[in-house]
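Please keep the structure in view while reading.

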Amino acid sequence: MLYHDSVAFLLSNQLGIPTFIGGGTKTPTEVAKEFNLSIRAASALLVTLCRMGVVQVHTDSDESVDDIIYELTPSASE
């Protein structure tokens, strides 16, 4: 799993996802639209970044993973 996490981390940085999220809270739908990804791919990247401590859940949703709102962690903001 570590290899896949590393690839996801590198990919998200190459795309600029942390910088995009740093501008305010974002949902997987917003990330998908901005970077021309499927919502599933955006959600997978965000979950991986969350597990790695780059982003955190700002607002959780019981309805759908697409409605979860993410933000940068304080350490990633620095």
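The model is a predicted one, and the account begins with helix H1, which spans residues 2–15, and helix H4, which spans residues 39–51. These two helices pack with their axes 10 Å apart, at an angle of about 110°. Since angles of 65 to 115 degrees count as roughly perpendicular, H1 and H4 are therefore described as roughly perpendicular to each other. On the H1 side the contact is made by Asp5, Ala8, Phe9, Leu11 and Ser12, while H4 contributes Leu45, Thr48, Leu49 and Arg51. Sorted by class, the contact of H1 with H4 contains five nonpolar residues, together with two polar and two charged ones.

H4 also packs against helix H3, which covers residues 28–35; here the angle is about 115° and the axes lie 8 Å apart. H3 and H4 are therefore likewise roughly perpendicular to each other, and their crossing is right-handed. The residues that meet are Pro28, Thr29, Val31 and Ala32 in H3 and Ile39, Ala42, Ser43 and Leu46 in H4. In the contact of H3 with H4, six residues are nonpolar and two are polar, and no charged residue takes part.

The side chains of aspartate 5 and arginine 51 are joined by a polar contact of 2.6 Å. Along the chain aspartate 5 and arginine 51 are 46 residues apart, and their C-alpha atoms are separated by 8.8 Å. Because buried means under 20% relative accessible area, aspartate 5, at 11% relative accessibility, counts as buried.

With residues up to four places away in sequence left out, threonine 48 touches Asp5 and Ala8, both of which belong to the H1 side of the contact with H4. Threonine 48 has a relative accessible area of 10% and is therefore buried.

The last stop is the loop between H3 and H4, where asparagine 36 lies. Is asparagine 36 buried or exposed? Because exposed means over 50% relative accessible area, asparagine 36, with a relative accessible area of 74%, is exposed.

Note on methods:
Residues numbered from 1 in each chain as written. Predicted model: local features only at pLDDT ≥ 70, side-chain atom pairs only at ≥ 80, totals over all residues. Heavy atoms only, no water. Axes fitted to C-alpha atoms, helices over the stretch in contact; angles between N-to-C directions. Helix = DSSP H or I, 4+ residues; strand = E, 2+ residues; numbered from the N terminus. Parallel < 35°, antiparallel > 145°, perpendicular 65-115°, else oblique. Contact = heavy atoms within 4.5 Å. Nonpolar A, V, L, I, M, F, W, Y, C, P; charged D, E, K, R; others polar. Left-handed = near helix turned anticlockwise from the far one by under 90°. Buried < 20%, exposed > 50% of the residue type's maximum accessible area, 1.4 Å probe, protein only. Polar contact = N/O pair within 3.5 Å; in protein donor to acceptor, adjacent residues only side chain to side chain.
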